[in-house]
Every structure is written in structure tokens, then in C-alpha cells.
Amino acid sequence: MSELRKRGGGGDPDSTENISDKETDGEDRTGMTGEGDRDSKPDTDTPEAPPSVDNTPKVLNKFLAGLSSRWKNWWIRGILSLTMISFFFLLIYMGPVVLILTVMVVQIKCFQEIITIGYRVYHSYDLPWFRTLSWYFLICVNYFFYGETVADYFGALVQREEPLQFLVRYHRFISFALYLAGFCMFVLSLVKKHYRLQFYMFAWTHVTLLIVVTQSHLVIQNLCEGMIWFIVPISIVICNDIMAYLFGFFFGRTPLIKLSPKKTWEGFIGGFFSTVVFGFIFAYLLAQYRYFVCPAEYDSESNSFAVECEPSELFVMQEYTLPSLMQSLLRLKTMNLYPFQIHSIALSTFASLIGPFGGFFASGFKRAFKIKDFADTIPGHGGIMDRFDCQYLMATFVHVYIASFIRGPNPSKVLQQLLVLQPEQQLSIFNTLKSHLKEKGMIPAAV
């Protein structure tokens, strides 16, 4: 423990800002007098996490040895970025199921990176049950969200498997019971000299679950609407990140925000225009293929997941009359577009103007705890969370956008709810629906 304490804090080990296990008159030191004095202190007393380690491959370091640190970092980021993009395309080729599993792996790694910072900063290695409870809550929340996804999007699979029908019927009760068991274990684990620290870490875990797991669930829901709703948002965030970096690297002169001193207005503006153009073209390319636009559904006949459908109006070419200003610039009165291309402009605008604030938020978090990166998983890029800080915010926007402007009533969800009813209830609904359709003239009155 002494080794961990030396690594974890940068200030005086007995200071009240450096949360410790010591007691004064039976209470936490952080709960004693001097509250006003502590609040008036600057953030320089905030406990620090250990500095990240440079894990750049030796071969790459040797190859780039003659370059300045600025250009060396440029090449490392570039090579690793191209590698990750290539791997991303490979995952897309492998299909939606592999992508869902990848999202789960990324989510677990992001959770581990944030929780580990909490462990190190607040010296919580010796808190009873805490590591176990943190991961237990992660399992509980994932069980709840993934169960909701299976129930919402894969009704045919649920009807095929008897155990799944039971789990879906009582899914929320089971999820609540699992969480309640963890909650009781946490209360039973409370130790007098650790009260405040234990509640700090309990809150830390739940905020991490909210940021990481909840938004990962939205990523998967977007994916289930069709891979295009997953690929385009992720790609435009990547494009904005790359183009803002390049414009800032070569042309950046004016600082953008104090939280990220290396961000410049030149990079921000250049990234915006580049991303809108890229998103518009990329949306056109993907909208042509059913593989990307069809929702992932379970095919009970082939016992596999399929992405075959009749494309919706969003992905059918239509003719649009251009505004007068664009007519004069392009010398065209009309243009054939996929409606999804117009939506891609809204997605690209959000990714360029609002998405970076996810990165600024992450920068503020890292500055608060005096760390450079969330981890050192990817050389030149930091941890997985460093790459996904903007992606989670983007996924939430896409989910809200689909629910607000794209998605109507979901027939498959209604059908799935009907199939779990008793036969008498199903027959009653059938007769009501038949009478309604007769009144509308949709079916002959003699039927």
C-alpha cells in the first residue's frame, strides 16, 4: 500500500485533499473542519493518477528516431489511425453480430479505464468488495440493456426459444433483483473508516455506467436500425478528428479552447467543412447497398441473422429542386439525391460543431486528475476512451435523431407483444382489428 500511495498522490500524503484511510475522532478526515479552507484551495491539491507510459513499438521508435517530437507524433498517429480504420472496415465486412460484440468489448475496456483511474486516484485498492461490486454492476446493467435489445429487435428469436420467452417476460424484474443484490452487498460492505471514500467510488461507478454502458446501448440500437446508422456517424466523427488535426497541424494559429491548448480555430473550421463534404459523399455510397441500409433481423428459417429488406424511402433516389442560390452556383435546377444524404448533413454538422465538446469534456476530466490519457493502450492515441469520447455523444444524438425524425411505429415490436399474449387476448385484438379494417374499406365486409 505504501508503494501505491506514493504513486497515487502528488501532494502531501497527510493533506485533506489526498483522501486517505486515516481517521480523526472516528470520522473521515475529509468530513472534519476546514471545509471552507479546502474549497478555497486550487485544484493543484487534487490527487494524481500515475503518468501514462509510452508503449510505442520499438521498431516504430527506431524508424522515426531522427524526427522531431512533433513530426514523430504525427507519423505515429497517422500509422496507427490507418491501422485502426482498416480494422474497422474488416469488422464491417464480418457483419452486424461481430460489430455488436465489438461494441461490447470497447464498452468493457472504456469502463475499465475510467474505473482504474478512480482506484488509483482515491487509493481504493483496499476497499472491501469494491472491485468485485464495480464489475458486478457492469454485468447487471449490460444484462438489462442487452435483454431490452433482444426483446425489441429479435422477436422471432425469442419466440423460437422457450427459455428466452421466460427471460423476456420477467426481464425487468430479474434485472432489478440483480441490481438490488449488488446494492445490498455494497451496504453490507461499508466500513466506518471508509464511509466517504466508499460512497465516492459508488458514485464514480454509477456515473461511469451512465456515460459508457448507457451510450453503448444506444450505439447498438442505432446499429440494429441498419448498419448505415452505425457506420456513417462513426466515420464522420473519425473524419472530423483527422481533418481537424491536419488543418490544425499545418495551418493552426488561433487557440480554440483552454481545456485543449492544441485545438485551433483553423482546425475546427477546416474539420467542419471537410466532414460535411465527406459525410454527404459517404452517405451516397452506402445508401446504394441493402447490406448497409437494412435492419439486422433474425431469420428463423435459416437460423441466422439477415440484412435483407426492401429499402425504405430514405434510401430511394429522389429528385429535388435546388434553392435559387445553388441553382446559380451549380447551374442546375434539380438534383437526384438519396434523402439520407440530406440527413447526413445534419449528422455531420453535429459531429463537427457539437461532437468535439465530448472531447473537451474528456480533456477537462483528465486535467482534473492530472493525467495525459485515460490509458496507454494505443501508441500516440492514449486509451480506448480517448478515441471514443466524441463517439458516445454522437451515438446519443443519432439515437435521438432517429426517434424524432426517422422512426415511426415499430410493427415488429407490436407483433412481438401480441405473440406473448394469451390466445383469448390475441383473438379479441384480431376481431377488433378486422372490424376497424372493414370500416376503412381495407377488406371486404363479407370476410
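How far apart are the end C-alpha atoms of residues 129-146, and what percentage of the chain there is helix? Select that span: the ends sit 25 Å apart, with 94% helix and 0% strand. Helices here are DSSP runs (H or I, at least four residues; strands are E, at least two), numbered from the N terminus.

Before going on: this is a predicted model, where local features need pLDDT of at least 70 and side-chain atom pairs count only at pLDDT 80 or more, while totals for chains, interfaces and linings use all residues. Residues are numbered from 1 along each chain as its sequence is written, and side-chain values use heavy atoms, leaving out hydrogens and water.

Now jump to 340-362, which is 91% helix and 0% strand, with end C-alpha atoms 31 Å apart. An unreviewed UniProt entry lists both spans among its "transmembrane region" residues; such annotations may be inferred rather than shown by experiment.

Next, salt bridges (a Lys or Arg side-chain nitrogen within 4 Å of an Asp or Glu carboxyl oxygen). There are six by that rule.

Pick E148 and R172, which pair at 3.0 Å, N to O. E148 is in helix α6 (residues 130-153) and R172 in helix α9 (residues 171-189), 24 residues apart. E148 is buried at 14% relative accessible area, whereas R172 is exposed at 57%. Buried means under 20%, exposed over 50%, and partly exposed in between (1.4 Å probe, protein chains only).

Then show R387 and D241, whose closest N and O atoms are 2.8 Å apart. R387 lies in helix α17 (residues 384-406) and D241 in helix α11 (residues 228-251), so this bridge ties together parts 146 residues apart in sequence.
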